Amino acid sequence: ACLDIEIYQTNKKMDNQIRILVVDDEPKICHLIEELLKLEGYQIDVSFSGIEALQMIKRYNYQMLLTDLKMPGIDGLELIQKARELNPEIRTIMITGYSTVETAVQSLRHGVDDYIKKPFNILELRKVVKQTLYTHQVAMENIQLLKDLKKANLELNIHKHGLTEKVQITGEELTVANKELVQ
């Protein structure tokens with residue numbers, strides 16, 4: 001429950017900038033998902049074909065793609081593959097009525113973030129979208145933290161090297177001064 005609240009709060013802060021593309025050759029499904037996700041505060045675009053969806057992905061920066069598996073022309077797996085070539089950061093959710101173990105495995109091999117069977121539960125869809133976006137956000141934050149840590153370590157090593165040189169020079173100066181004192 002705490003995770004759900006945290007995901008909700010985090011995604012509410014992000015919603016203004018989150019743009020989602022919904023692709024299905026059934027307009028009723030597209031519009032249902034569109035209305036549901038608009039209520040969550042996301043910016044939603046819809047497409048009824050994979051070819052049109054690719055043109056939209058080239059034009060706009062989508063954070064998420066929800067697509068049907070079976071569509072005429074370009075199917076959902078090919079769409080996801082081409083979408084990732086255009087935008088490697090796009091998160092993907094496959095929604096399909098043709099749910100088999102084979103399609104689930106194929107989807108995972110194509111890098112699908114999650115997989116939902118039709119008919120889908122509205123609450124499940126909301127949760128999967130939020131969870132996928134949250135997981136991606138945390139991964140991106142971790143990448144940034146790792147970059148920041150590497151930068152800080154590099155700066156620390158530079159300072160350490162400088163201090164080591166100063167200690168060595170000071171030690172040599174003390175040795176010379178000590179010899180002079182002894183003489």
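Axes are lines fitted to C-alpha atoms, for helices over the stretch in contact, and angles run from 0 to 180 degrees between N-to-C directions. Helices (H or I, at least four residues) and strands (E, at least two) are DSSP runs, numbered from the N terminus. The model is predicted, so local features need pLDDT of at least 70 and side-chain atom pairs count only at pLDDT 80 or more, while totals for chains, interfaces and linings use all residues. Residues are numbered from 1 along each chain as its sequence is written, and side-chain values use heavy atoms, with hydrogens and water left out.

**First stop: two helices**

Select helix α3 (residues 50-59) and helix α4 (residues 76-86). Their axes lie 10 Å apart and the helices pack at an angle of about 15 degrees. α3 and α4 are therefore roughly parallel to each other (angles under 35 degrees count as such). Their crossing is right-handed, that is, the near helix is turned clockwise from the far one by less than a right angle. Show the side chains next: Gly-50, Ala-53, Leu-54, Ile-57 and Lys-58 of α3 meet Leu-79, Lys-82, Ala-83 and Leu-86 of α4, contact being heavy atoms within 4.5 Å.

**Second stop: the sheet**

Now display the strands. Five of them form an open, parallel sheet in the order β2-β1-β3-β4-β5; two strands pair if DSSP finds at least two bridges between them. β2 (43-47) and β5 (114-117) are the edge strands, each with a single partner, so one side of each has no neighbour in the sheet. On average, neighbouring strands are turned by 20 degrees against each other, direction ignored.

Select β1 (residues 19-23), which pairs with β2 in the parallel sense over five bridges. Val-22 stands opposite Val-46 in β2. Towards β3, four bridges join the parallel strands, and Ile-20 stands opposite Met-64.

Is β3 enclosed or open to the outside? Five of its five residues are buried (under 20% relative accessible area, 1.4 Å probe, protein chains only), so β3 is largely enclosed by the rest of the structure. Met-64, Leu-66 and Asp-68 point one way, whereas Leu-65 and Thr-67 point the other way.

Five bridges join β3 to its parallel partner β4, where Met-94 is the bridge partner of Thr-67. The chain passes from β3 through α4 to β4 in a right-handed β-α-β crossover: with the strands pointing away from the viewer, the path from the first strand over the helix to the second runs clockwise.

**Last stop: helix α6**

Finally, select α6 (residues 122-182), which lies across β1, β3 (64-68), β4 (91-96) and β5. This helix runs at about 160 degrees to β4.

Technical notes
Buried < 20%, exposed > 50% of the residue type's maximum accessible area, 1.4 Å probe, protein only. Parallel < 35°, antiparallel > 145°, perpendicular 65-115°, else oblique.
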